Amino acid sequence: MKVLEPIIEIKNLNKSFGDNHVLRDFSMTVYPGENLAILGKSGSGKSVLIKCIINLIEIDSGQMIVLGKDLSELDQDELDEMRAEVGFLFQSNALYDSMTVRENLEFPLRRHWSNEEREKGSEAAVLEALNDVGLSHTIDMMPAELSGGMRKRIALARALILKPKVILYDEPTTGLDPITSREISQLMLKVQEKYNATALIISHDMHCIKMTSNRVIMLIDGKRYADDTYENLQLAKDPKIKEFFD
Ligand SMILES: Nc1ncnc2c1ncn2[C@@H]1O[C@H](COP(=O)(O)OP(=O)(O)O)[C@@H](O)[C@H]1O
Ligand SMILES: [Mg+2]
């Protein structure tokens, strides 16, 4: 059997802020095609972890290998190249309020495509990404004119526009009503399949995790406390695991 190269490999990651030791010797591997969820309580370090993966936060110690590259060895250009292959859906969406939907989606293209590539392909790329999330008609609207669920979809469209190999989702359903959360979870599955992308989903929404992931890592006390399928974790007797399912 051919062993596939991991998409993300984290070894003994440590990260503190002052004396707040958030991640403690945290290790994990994400394989191609997986939809892996990281489950942890609020404040457990999920966002910190995901930001370490795209090098938005500097780590204290450990090794981070993303798409085969050791982050500590990358210069700025190489880091940019890596980021073009990693779609990131921020918890806050991070849409630009003063820009239209089209301009928001063009933003990554301006950073990663040449003028010529943009002239040829920008319009089609924007339309394809909007079509993926079912919001073609919002192309000339402003983010403020959209509902919370629609803004989340636009943020997802922007994360997809460069056709990433891996998509990182930070709390994709937090703050949304149950029906909209379900729709977003379904959409995540749909786009991951279309783009054949690996997904890392950070959440404490058990419905979202159950729907979107095929493996779950539990982040407790800064460590990889458990690593199993949702179904197996649901059967666990350990109170620290059980409380997530109550
Ligand atoms: N830039 C920062 N400076 C100081 N402390 C931070 C910073 N970012 C996160 N933290 C702290 O790290 C811990 C984990 O935060 P976070 O990863 O955002 O949690 P969550 O699991 O809810 O996403 C929290 O105690 C938070 O206060
Ligand atoms: Mg967070």
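Two strands are said to pair if DSSP finds at least two bridges between them, and the legends below use the word in that sense for a model that is predicted.

**View 1. Strands β6 and β7 run side by side in parallel.** Strand β6, residues 86–89, is joined by four bridges to strand β7, residues 166–170, and the two run parallel. Within this pair, Val86 has Val166 of β7 as its bridge partner. In a regular strand the side chains alternate between the two faces of the sheet. In β6, Val86 and Phe88 point one way while Gly87 and Leu89 point the other way, and all of them are buried.

**View 2. Strands β9 and β10 form a hairpin.** Strand β9 (residues 215–220) and strand β10 (residues 223–228) run antiparallel and are joined by five bridges. Ile220 stands opposite Lys223 in β10. Two residues lie between the strands of this hairpin, where Asp221 takes a positive phi near 55°.

**View 3. The largest nonpolar core has 59 residues.** Among the members of this core, Leu156, Ala157, Leu168 and Leu200 touch the most other members. Helix α5 (residues 148–160) gives the largest share of the core, six residues. Because domain 1 (8–85 + 164–245) and domain 2 (96–157) both give residues to this core, it lies between them. Leaving aside residues up to four places away in sequence, Leu200 touches Ile8, Val30, Leu36, Ile38, Val166 and Leu168.

**View 4. Domain 1 and domain 2 are in contact with each other.** The domain assignment of the protein chain gives domain 1, made of 8–85 + 164–245, and domain 2, which covers 96–157. The centres of the two domains, taken over C-alpha atoms, are separated by 25 Å. At the contact between them, 10 residues of domain 1 meet eight residues of domain 2. Helix α6 (residues 178–195) supplies the largest share of the side of domain 1 that touches domain 2, namely six residues, and by class this side has six nonpolar, two polar and two charged residues.

Methods:
Residues are numbered from 1 along each chain as its sequence is written. Chains are lettered from A and ligands numbered from 1 in the order in which they are written. This is a predicted model: local features need pLDDT of at least 70, side-chain atom pairs count only at pLDDT 80 or more; totals for chains, interfaces and linings use all residues. A nonpolar core is a set of buried Ala, Val, Leu, Ile, Met, Phe, Trp, Tyr and Cys residues joined through C-beta atoms within 7 Å. A residue is buried if 20 or more other C-beta atoms lie within 10 Å of its own, exposed if 12 or fewer, and partly exposed in between; C-beta atoms are placed from the backbone. Domain bounds come from an automatic or database domain assignment. Two residues are in contact if their C-beta atoms, placed from the backbone, lie within 7 Å. Ala, Val, Leu, Ile, Met, Phe, Trp, Tyr, Cys and Pro count as nonpolar, Asp, Glu, Lys and Arg as charged, and the others, Gly among them, as polar.
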